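Welcome! Please take a moment to look over the sequence and the structure before reading on.

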Amino acid sequence: MNNPLGHCSFPLWGKAGMGAGLVEQGAGSAGPHPTPPFEPGAGSPPKGEGAGGQPLVQAHDLARTFDVSAPWLNRVLERKPRQLLHAVDGVSFEIERGKTLALVGESGCGKSTVARLLVGLYAPTRGGFTFDGQDAHAAFKGRDARTMRRRIQMIFQDPYASLNPRWLVQDIIAEPLREHGLITEAAALKNRVGELLTSVGLSPLDMAKYPHQFSGGQRQRISIARALATEPEFLVCDEPTSALDVSVQAQVLNIMKDLQKKQGLTYLFISHNLAVVRHVSDQVGVMYLGRLVELADKQQLFSQPRHPYTRMLLDAIPKMHDTGRARTPVQGEVPNPLNPPPGCAFNPRCPFANDRCRSERPQLLNDGGTRVACHAVEEGRIPRD
Amino acid sequence: MSLLEVQNLVVEFPTRRGTLRALDDVSFSIAPGEILGVVGESGAGKSLTGASIIGLLEPPGRVASGQIRLEGQRIDNLPHEQMRHIRGRKIGAIFQDPLTSLNPLYTVGQQLVETILAHLPMSSAQARQRAIDLLKDTGIPAAEQRIDHYPHQFSGGMRQRVVIALALAAEPQLIVADEPTTALDVSIQAQIIQLLKNICKTRGAAVMLITHDMGVIAETCDRVAVMYAGRVAEIGPVHEVINRPAHPYTMGLMASIPDMEQDRERLNQIDGAMPRLNAIPVGCAFNPRCPQVFDRCRAERPDLMPAGATQAACWLHAAKKEAA
């Protein structure tokens with residue numbers, strides 16, 4: 001498993017470059033670096049855990065810029081400048097094998113863009129990530145693209161939109177198997193699809209049905225079965241339960257946890273629901289306007305949130321049981337990402353902001369096991385509670 | 001006396017393959033100034049209950065029997081014209097998606113003024129002033145300028161504030177809010193909930209808050225009705241229902257919500273799914289999924305009965321009563 005090149009037993013035709021061609025145009029300001037190979041942990045502060053072996057996924061200064069300028073003629077006639085949207089701006093994290101990193105944040109903070117970068121749907125404008133020690137984006141463009149795609153799979157938010165309504169479930173789940181040439185024989189294919197359906201709590205008989213015959217939760221399980229078909233090691237889950245009712249959400253979350261235990265899967269779990277994140281994750285990263293503002297172990301993040309934005313988010317969740325804790329009222333809204341405020345992007349909403357916050361952008365710094373990007377935390381201006 | 005009284009409401013959809021009963025014998029009431037939450041999974045009939053009250057049932061859906069009374073007056077059988085006067089004047093409505101409930105071609109001010117003039121005897125200058133005041137009350141900064149902006153110039157949270165201002169335009173006594181915060185981010189959601197609570201308190205308006213988010217219910221409501229398969233499964237004071245649920249469905253629902261206070265290895269799950277309308281089981285609709293099911297549940301349909309501090313439609317409580 002360590003050298004995916006050796007497993008490249010299927011023909012590659014011309015299709016391998018498909019993913020790269022799709023995304024190259026937008027990377028206007030990419031500059032001349034085709035994601036340089038970097039030493040693990042070079043720029044990011046060392047993490048004190050390292051339970052043998054390196055993390056499966058290491059993102060380093062991952063950034064993605066979208067060019068949202070007006071068309072060329074308008075720019076010339078109306079003298080409009082180019083406009084760049086920094087959807088993800090320098091995000092670094094590691095995910096250990098078999099663990100779950102959750103990314104939380106409000107809409108527009110760039111969490112879904114990170115997900116798309118990690119599965120190779122976008123190419124990064126700057127930085128990159130390694131998967132199992134290998135530069136993933138080089139692999140997505142090169143000969144190893146198929147191997148990489150087989151090992152990294154994705155579950156999407158909306159199970160109504162991510163399954164083809166005209167395909168039978170057996171074709172939906174068998175597609176990745178066929179595409180990667182893993183199983184070609186019809187009977188074996190059926191067997192495997194049946195196995196996959198059983199593993200997500202559905203019946204093998206369900207393979208002869210269409211997606212519309214299933215409820216939302218069942219459809220999401222079909223998505224999971226399809227993602228698992230190629231036996232991936234890393235699953236990127238973009239809001240997998242947000243479209244589901246709570247009782248169904250519980251079913252899907254339980255299945256995802258069971259599968260992780262059984263198959264040693266590694267998850268990147270994206271959600272805006274902090275209670276769900278608390279339930280599934282080992283580590284949590286909080287994003288705000290394209291940057292990580294806090295990255296910590298789950299326990300630490302929820303018991304001792306450090307960044308003012310994390311505190312605000314935690315305070316904002318409606319609680320089922322009255323905790324009696326005084327809540328700071330939430331103020332303001334997320335600023336326009338096309339025109340983010342100078343300095344720390346959170347400064348207009350932050351009760352602790354001072355002049356430094358309004359001019360100098362804070363870096364993600366290690367602070368007692370947590371990584372926080374906040375001048376106020378660094379200077380000890382925020383009282384710990 | 002209660003402000004709104006819903007009695008044995010039945011809503012049916014005639015289809016080629018027979019009539020589907022989407023709401024079956026739903027009864028509840030809302031007192032003046034009270035906030036009643038309505039929760040349930042998608043398809044449980046919570047939005048349909050709201051739509052019947054504001055008289056916006058989509059045909060072929062129709063109220064087949066039962067009554068809806070507002071201040072003692074029946075409103076479920078009113079002709080369209082009369083219902084239009086009640087809607088807006090006496091009952092305001094807030095829907096989930098603020099972008100689709102505002103007309104993109106008119107400024108926010110035009111829409112507010114139109115609503116105000118339709119219901120209140122005012123000059124257009126007075127109406128405009130009132131519109132500005134409403135926008136101010138709902139926390140929109142620089143309301144004097146913002147009133148001439150179009151909906152797309154507002155952010156999601158601000159748009160929802162405009163929708164709330166629209167609902168309040170003619171000082172209705174009842175507001176039906178159908179998933180008012182579902183499309184919003186948590187930090188904005190908290191602001192909108194706070195606003196809804198304060199504004200209803202100061203104006204004495206009652207609210208029927210339809211949502212699937214138990215946290216929102218816990219923070220906002222006085223009482224809560226839990227719906228399942230077109231019926232009210234349990235209704236009672238919000239903290240009783242959350243902390244001491246009496247219906248097995250409510251218990252399962254509460255236990256399946258991941259919470260912020262404790263860690264659990266697995267979430268409780270209710271196996272199976274809510275039945276489809278054309279295949280509602282005989283007896284209690286929840287019986288195939290119920291962990292405490294017994295013979296009577298499969299034969300007879302339970303009505304709401306007292307169960308501790310709440311009312312639950314569950315034979316367990318009849319059994320307890322008879323045993324006592």
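Predicted model: local features only at pLDDT ≥ 70, side-chain atom pairs only at ≥ 80, totals over all residues.

Residues are numbered from 1 along each chain as its sequence is written, and chains are lettered from A and ligands numbered from 1 in the order in which they are written.

**A covered strand in chain A**
- Strand β9(A) spans residues 283-288; strands are DSSP runs of E with at least two residues, and helices are runs of H or I with at least four, numbered from the N terminus.
- Six of the six residues in β9(A) are buried (20 or more other C-beta atoms lie within 10 Å of the residue's own, with C-beta atoms placed from the backbone).
- In a regular strand, side chains alternate between the two faces of the sheet.
- Here Q283(A), G285(A) and M287(A) point one way, and V284(A), V286(A) and Y288(A) point the other way.

**Its strand partners**
- Strand β3(A), residues 100-104, runs parallel to β9(A) and is joined to it by four bridges (strands pair if DSSP finds at least two bridges between them).
- Within β3(A) and β9(A), A102(A) stands opposite V284(A).
- Strand β10(A), residues 291-297, pairs with β9(A) in the antiparallel sense over six bridges, and L295(A) is the bridge partner of G285(A).
- The hairpin of β9(A) and β10(A) has two residues between the strands, and L289(A) has a positive phi near 45°.

**Two crossing helices in chain B**
- The axes of α3(B), residues 108-119, and α4(B), residues 124-137, come within 9 Å and cross at roughly 115° (axes are lines fitted to C-alpha atoms over the stretch in contact, with angles from 0 to 180 degrees between N-to-C directions).

Conventions. Buried ≥ 20, exposed ≤ 12 C-beta atoms within 10 Å, placed from the backbone.
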